Structure formats: structure tokens, C-alpha cells
Amino acid sequence: MVSSLAVQVGVIGAYLVVALAVGLVAYRLTDRAAEDYYLASRSLGTVVLLFTTFATLLSAFTFFGGPNLAYAAGPEWILVMGLMDGILFAILWYALGYKQWLVGRARGYVTLGEMLGDRFGSTGLRALVAGISLFWLFPYIMLQQMGAGEAIVGLTAGEIPYWAGAALITVFMVVYVAAAGLRGVAWTDTVQGIFMLGIVWIAVGWVLVAIDGPATAYAGFDADELALGGGIYTPQYIVSTAVTIAFGVAMFPQINQRFFVAKSGRVLKRSFALWPILVVLLFVPAFMLGTWAAGLGIEVPEGANVIPVLLNEYTPVWFAALVVAGAMAAMMSSSDSMLLSGSSYLTRDLYRPLVEPDASEAKEGWVARVGVGVFAAGTFAASLFRPGSLIDVGDLAFSGFAQLALPVLVSLYWTRTTRNGMYAGLVGSQAFYVLHSLGPLPTTYFGWDAALYGMILGLVLTVGVSAVTSPAPDEKQATFTEGLSAD
């Protein structure tokens with residue numbers, strides 16, 4: 001008889017190989033030009049754009065961190081990720097994304113740094129944005145490796161060690177990014193997004209049938225445990241977390257670059273309109289599974305994730321393995337997109353302007369691939385030390401990226417924004433947040449996350465310094481967006 005471990009390994013391995021095969025097919029159709037490799041020649045339609053953005057956000061933070069928090073503290077996490085962030089990000093998708101799409105289409109930008117560097121005539125600002133983005137990308141890629149390691153431990157009851165799961169996803173995502181480019185990433189993201197949306201609802205149905213309905217799942221709770229606002233879910237925590245995640249997501253390199261790739265303005269608008277629906281359809285069942293596990297008295301071993309343990313208890317071995325395989329592939333979707341976008345920031349915003357301006361596209365491609373390998377190896381090594389929970393590490397990265405959002409938003413809409421204002425806003429907010437998140441200062445004030453204060457500081461500095469300084473001769477002002485219109 002085939003052992004449970006063999007079934008689990010076989011299902012996970014087969015799923016990841018299929019995902020890799022899709023990417024290799026796309027590689028044959030991908031032009032070697034940078035615009036096609038990084039942006040799929042700005043040709044994505046509504047379904048692919050929506051699902052590649054969706055799958056890119058199906059990270060360990062979402063699929064394992066959220067259910068883990070729901071298991072520990074209750075189901076209100078749905079308010080943060082399932083409702084508030086779905087709506088907030090859709091608004092930002094329009095406010096930031098649509099304007100970036102207009103500018104990017106007209107001027108051929110590939111990265112946020114390129115856009116801001118050109119707007120303010122500053123290679124230094126371009127490099128600063130890229131450096132900040134790569135700094136906060138490091139913990140979020142590390143998060144995916146941590147999630148994969150913990151998922152394997154939970155699925156196999158520790159028979160396969162944590163490091164092996166982290167190493168598996170690292171190898172796959174490096175090979176995938178080196179081969180596929182954004183076209184391959186988008187294709188696979190679409191397949192995996194649809195698959196995960198379906199499989200998580202099947203998992204909910206399977207568990208409910210196995211336990212004879214939702215009443216059993218909630219029998220282990222008292223009224224106070226299910227009441228809104230209990231435990232850590234204070235209004236300050238809910239609002240702070242929702243805002244920093246939504247604004248941070250908008251500045252993630254892999255998400256921000258997707259603002260450039262729609263083939264038309266109509267595609268972009270349809271995508272952000274559908275976004276909140278898609279978010280609710282996935283996050284609600286995933287977080288409810290975590291909550292039910294607590295009500296059912298499921299014991300989660302240290303270093304494991306709740307979803308695999310719950311599914312092992314109430315579903316067949318092959319199905320639990322399939323869900324974990326899909327979740328790992330979703331994490332790979334996040335990681336490969338992050339690495340692909342990070343490599344464009346490395347080559348186009350740092351290497352080419354600062355090291356070798358005349359580098360050929362072939363050499364730029366090799367620098368990108370080597371950079372991906374080195375970066376992934378570094379995050380893998382860091383993930384072995386497990387510096388915090390999935391929620392802690394994810395929140396660190398989200399809040400760091402969120403410090404970029406308001407200065408960028410001001411630069412897109414206020415023609416009086418100056419280079420000095422951007423430097424002040426970006427450096428001031430980042431320094432404030434680093435001192436509070438990684439330094440000696442408190443992480444909250446009056447219950448509100450210090451990241452919110454950093455965002456406000458960045459906004460005040462950008463506007464205030466811009467108001468009292470004059471633009472340099474090489475800065476673009478009204479001409480930056482003048483005359484731009486949708487098709």
C-alpha cells in the first residue's frame with residue numbers, strides 16, 4: 001500500500017511540475033525584449049490581469065498567516081483582509097494604477113523608479129525608490145519560504161522538515177522566473193488563481209460534511225469569543241492593519257508593475273471593479289477554516305500551519321495534499337512575481353543607470369537572473385531563522401512599502417511636487433518607520449500602528465518641502481501627464 005507520505009509528496013511534486021511546464025511553454029512565446037519579459041508587452045486582458053494580480057497576492061500571509069490568526073484570535077480578521085482591504089485596494093487601483101497606466105503607456109516605463117526618476121530628472125531618486133523596494137521585498141519573499149516550510153511540516157506531521165519545504169519553493173521559483181518572464185507568470189497565475197478559488201470552497205464543503213454542519217464548528221466557542229472587538233481586534237488595530245496592507249500592496253513591485261500591463265484603460269477599470277468580489281470569495285472561506293479549527297479543538301503542532309492540520313483530520317490524504325500543493329503554488333506565484341519585478345528594479349533602476357548605462361539587453365537579462373538567484377538564496381537563509389510569525393513578517397513588509405504610497409500619489413496629481421519634496425517624504429517616512437519597527441522606538445501610539453504616523457509624516461514632508469522649494473530645470477511639471485488620455 002502506498003504510504004500517506006508518498007501520496008503527499010507525489011501530489012505536491014506533480015502540481016509544481018505542471019505549473020513549471022506552463023511557464024516553460026510561455027517562455028517559447030516570450031520575446032527576449034525587456035518590455036515583453038517584464039510587462040508581457042502591455043497586452044493583458046481583464047481576466048488574466050485580474051487573476052494574475054489576485055494570485056500574486058495569494059501569499060503565505062493570506063493563505064496561512066490569516067487562517068493562523070483566525071485560529072488564535074477569532075474570525076474578525078475577515079474584516080481586515082476580506083472586506084476593508086478588498087475595497088481600499090480597488091480604490092487605490094484606480095487612484096494610483098490608472099494614472100500610472102496612462103503615463104507608462106505614453107512613455108514606456110517599466111518600473112516605478114523609472115517613472116519617478118524621469119518625472120523629477122533624478123537618477124538618485126530612481127535608485128532610492130528601487131533600493132527601498134528591494135529592502136522591503138526581502139522579508140516578504142522570506143515569508144513565502146517560511147509559509148512553505150510550515151505547510152509541509154503541518155501536512156506531513158513533521159516527517160518532512162521545515163527547511164525542505166522552504167528549499168523546495170525556493171528552487172522552483174528561481175527556475176520559473178529565470179525561464180518564464182511575466183507572460184508565463186501571468187498564465188500560471190490565472191490557472192492557479194481559479195484553482196485556489198475553487199479548491200478552498202470544496203475544502204469548506206468537505207469539512208462541513210465531515211463535521212455535520214457549521215453548528216459543530218462553533219460549538220466550542222462562547223459568545224464572547226465570537227463577539228466583534230475581542231482580543232487583539234481593537235478598532236485601532238483593524239483600521240491600522242487594513243490601511244497599511246492596502247497602501248503597501250499598491251507599492252509592492254509585482255503589483256505596481258501590473259498597473260503598467262493592461263492593454264486598455266477599460267481593462268484596468270473592469271479589473272479594479274471586480275477585485276473586491278474576488279477577494280471576499282477567497283478570504284472568507286480560508287479564514288473560516290482557521291476559525292473552525294479552533295472550535296473543533298484541533299491541536300496545531302509548533303511550527304505548523306492550521307489549514308493542513310485541519311484538512312488532514314477531516315479530508316482524505318490526497319485532497320489535503322492537493323490543497324497544500326495549490327497553496328504552495330500560489331505562494332510560488334507571489335514569489336516568482338516578486339523576484340521578476342525585483343530583478344527589473346535591480347537591473348533597470350540600479351545596475352544600468354549606476355554601473356553600466358550601455359549594457360546590452362542580453363547582459364541585463366543575465367544580471368537579472370543572477371540577481372534573482374542571489375536574492376532568493378539570501379531570503380532562504382534568513383527564513384531558516386524564522387524571525388517571527390507569518391503575520392509579523394508580512395506586516396513588517398506591508399507597512400514598509402506603505403511609506404512609499406502617499407509621496408507617489410502626490411507626485412502623480414500635484415504638479416508642484418518637487419524633487420526635494422520627494423526626497424524629504426520618502427527618506428523621512430522610511431527613517432521614522434525603520435526606527436519604530438526595527439529600532440528602539442515603540443511600534444504603536446495610542447493603539448495606532450506607528451506605520452500610520454510614518455505615512456502621515458511622509459505626506460506632510462512631501463507637500464511641505466515641495467511648497468517651499470522650486471523645481472529643478474530638468475523636472476517635468478504639468479507636462480508629465482498633460483495630454484494623456486485613455487483609448
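Here are some questions and answers about the predicted model above.

Reader: Before we start, what is this model, and how are residues numbered?
Author: It's a predicted model, where local features need pLDDT of at least 70, side-chain atom pairs count only at pLDDT 80 or more, and totals for chains, interfaces and linings use all residues. Side-chain values use heavy atoms, with hydrogens and water left out, and residues are numbered along each chain as its sequence is written, from 1.

Reader: How many helices and strands does the protein have?
Author: Both come from DSSP runs, numbered from the N terminus: helices are H or I with at least four residues, strands are E with at least two. Counted like that, the protein has 19 helices and 2 strands.

Reader: What share of the residues counts as buried?
Author: Buried means under 20% relative accessible area, exposed means over 50%, and partly exposed is in between (1.4 Å probe, protein chains only). Of the protein's 487 residues, the buried share is 58%.

Reader: How are helix 11 and helix 17 arranged to each other?
Author: Axes are lines fitted to C-alpha atoms, for helices over the stretch in contact, and angles run from 0 to 180 degrees between N-to-C directions. The axes of helix 11 (residues 235-251) and helix 17 (residues 390-413) come within 6 Å and cross at roughly 70°. Angles under 35 degrees count as roughly parallel, over 145 as roughly antiparallel, 65 to 115 as roughly perpendicular and the rest as oblique. So helix 11 and helix 17 are roughly perpendicular.

Reader: And how does helix 7 run relative to helix 17?
Author: The axes of helix 7 (residues 123-156) and helix 17 come within 9 Å and cross at roughly 160°. That makes the pair roughly antiparallel.

Reader: Is Arg 258 buried or exposed?
Author: Arg 258 lies in the loop between helix 12 (253-256) and helix 13 (265-295). Its relative accessible area is 3%, so Arg 258 is buried.

Reader: What about Pro 235: buried or exposed?
Author: Pro 235 lies in helix 11, and its C-alpha atom is separated by 8.8 Å from that of Gly 447, 212 residues apart along the chain. Its relative accessibility is 58%, so Pro 235 counts as exposed.

Reader: Where is Ala 157 found?
Author: Ala 157 has a phi near 55°, a positive value in a residue other than glycine. With a relative accessible area of 68%, Ala 157 is exposed. Its place is the loop between helix 7 and helix 8 (162-210).

Reader: What is the relative accessible area of Phe 446?
Author: Phe 446 lies in the loop between strand 1 (444-445) and strand 2 (448-449). Its phi is positive, about 55°, although it is not a glycine. Phe 446 is exposed, and its relative accessible area is 74%.
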